[in-house]
Amino acid sequence: MEKVSVIIPTYSRPDNLLRAINSVLSQTYQDIEIIVVDDNGIGTPYQQETEKCVKDLIEKGKIIYIKHDINKNGSAARNTGLKVCTGLYYTFLDDDDYLYPQKIEKQVQALKNNKDCDMVYCGFEKKGDKDVIISKCIPCKEGNMQLPLLKKTWGFGSGSNPLFTRTVYEKVGLFDETYIRHQDLEYMVRAFRHFKICVVPDILLTKYINSNSVRPDIRRYEQIKEKFLSDFSED
């Protein structure tokens, strides 16, 4: 069985982190390494609370725990995980999302069944406060989805969704750390320059939408949009 690396960046949400980790530990697929990248900054209250939450898992060898000296951002945390992961496949899990038990098993099998694809995604649901289901999506589209992605007529719902072969990392490289938002979108656009994606048409991921989430600064959000359009103008 080929190893799958699950990289979990975490920042300021230790209360949700254990739910995310436990959803990986409960996978039907057995050969998984879990890499938790703490982006809170060493010595901060959230970092100390996060380390306390996962202390038992660290001691039992259930996870690899890496601390950033300072807060760097989600792209940097993903890159830290990519640089140390050893799996033939890899995926990311936001610290407030949740994987259904068969997600990784079904995605790995889909890639084995679709030799011309190096990425795979699945159906997902979005939940709000008190686990209220907001929406569900069971996708069917596959292939090279770069144009629909850029036109915003296709999406994968969450950066926790796609699973990649290591070939993608070797070709595409790391995340662009200048992106404080749209990190997943930026990465996928580059990946579609070289690779195709297949689909598992089952809901295997829950993305949580918190009504108390901090809203982005509008001007900063516009700047990131402008940067994205400039960086990918040729695409």
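In this predicted model, the buried residues of α1 pack against β1 (4–10), β2 (32–38), α2 (45–59) and β5 (98–99). The residues concerned are Pro14, Asn16, Leu17, Ala20, Ile21, Ser23 and Val24, each of them buried. They cover an arc of only 160 degrees around the axis, which puts them on the same side of α1. The helix itself has 12 residues (14–25); at 1.5 Å a residue they should span 16 Å, and the end C-alpha atoms are 17 Å apart, which agrees.

The protein chain as a whole has eight helices and nine strands. Its radius of gyration is 17 Å, close to the 18 Å that the globule rule gives for 235 residues, so the chain is as compact as a globular protein of that length. Along the principal axes, the C-alpha atoms fill a box of roughly 45 × 45 × 40 Å. Of the 235 residues, 49% count as buried. Among contacts with a separation of 6 or more, 80% join residues 24 or more positions apart.

Which residues other than glycine have a positive phi? Two are listed here.

| Residue | Phi | Loop between |
|---|---|---|
| His182 | about 65 degrees | α6 (166–172) and α7 (183–191) |

Asp131 has a relative accessible area of 41% and is therefore partly exposed, since that class lies between the 20% limit for buried and the 50% limit for exposed.

Conventions. Residues numbered from 1 in each chain as written. Predicted model: local features only at pLDDT ≥ 70, side-chain atom pairs only at ≥ 80, totals over all residues. Heavy atoms only, no water. Helix = DSSP H or I, 4+ residues; strand = E, 2+ residues; numbered from the N terminus. Expected span 1.5 Å × (residues − 1). Buried < 20%, exposed > 50% of the residue type's maximum accessible area, 1.4 Å probe, protein only. Arc of directions from axis to C-beta. Contact = heavy atoms within 4.5 Å. Rg over C-alpha atoms; globule rule 2.2 N^0.38 Å.
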